[in-house]
Amino acid sequence: MTPSSTPTNLRRAKLSGANLRSANLYKANLSGAKLIGADLSGANLIGADLIGADLRRAKLSDNAFRDFRWDTDTNWKHVRGLETAVNLPEALRRQLGL
């Protein structure tokens, strides 16, 4: 994505079970999105807005995390693959017990 490109707006999108493997979600607005059971393996989530997103049972292995946003309403329950995520913030590691 070039710097002049508009970030993807998937705010409150219903993407449960979606195959988003290796998707370029750079700076995407995923706030409030339903990503239950979605495959986000290898997706670029740098700068993504995950505030209030529901990531229950999502697969997030080998993701590039940096400068992304989340809050206490972001649901990380039973997310798979975070142990192999790159640049996962220490605060989130602690929150999730990783």
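Reply: Let's start with Arg 56 and Asp 54, whose side chains meet in a salt bridge at 2.7 Å, N to O. A salt bridge here is a side-chain nitrogen of Lys or Arg within 4 Å of a carboxyl oxygen of Asp or Glu. Bear in mind that this is a predicted model, where local features need pLDDT of at least 70 and side-chain atom pairs count only at pLDDT 80 or more, while totals for chains, interfaces and linings use all residues. Residues are numbered from 1 along each chain as its sequence is written, and side-chain values use heavy atoms, with hydrogens and water left out.

Now for the two partners. Asp 54 counts as buried because its relative accessibility is 7%, and Arg 56 is partly exposed, with a relative accessible area of 27%. The cut-offs are under 20% relative accessible area for buried, over 50% for exposed, and partly exposed in between (1.4 Å probe, protein chains only). Asp 54 is found in the segment before helix H1, which spans 90–96. Helices (H or I, at least four residues) and strands (E, at least two) are DSSP runs, numbered from the N terminus.

What does Asp 54 touch? Leaving aside neighbours within four places in sequence, Asp 54 is in contact with Ala 33, Lys 34, Leu 35, Ile 36 and Asn 75; contact means heavy atoms within 4.5 Å. Next along the chain, Leu 55 also touches Leu 35 and Asn 75, and its other partners include Leu 40, Leu 50, Trp 76 and Val 79, again not counting residues up to four places away in sequence. Leu 55 is also one of the residues with the most contacts inside the largest nonpolar core, along with Leu 40, Phe 65 and Trp 76. That core has 28 residues, and the term covers buried Ala, Val, Leu, Ile, Met, Phe, Trp, Tyr and Cys residues joined through side-chain atoms within 4.5 Å.

The C-alpha atoms of Arg 12 and Gly 32 are 4.5 Å apart, though 20 residues separate them along the chain. Arg 12 itself is exposed, with a relative accessible area of 56%.

Arg 57 isn't a glycine, yet its phi is positive, near 60°. His 78, also not a glycine, has a positive phi of about 60° too. Most residues other than glycine have a negative phi. Arg 57 is partly exposed at 44% relative accessibility, and His 78 is exposed at 56%.

How many salt bridges are there in the whole structure? A search finds four. One of them joins Arg 69 to Asp 49, with the closest N and O atoms 2.8 Å apart. Those two residues lie in the segment before H1, so the pair ties together parts that are 20 residues apart in sequence. Arg 69 is partly exposed at 46%, whereas Asp 49 is buried at 13%. Another bridge links Arg 66 with Asp 67, at 3.9 Å between the closest N and O atoms. There Arg 66 is partly exposed at 42% and Asp 67 is exposed at 62%.
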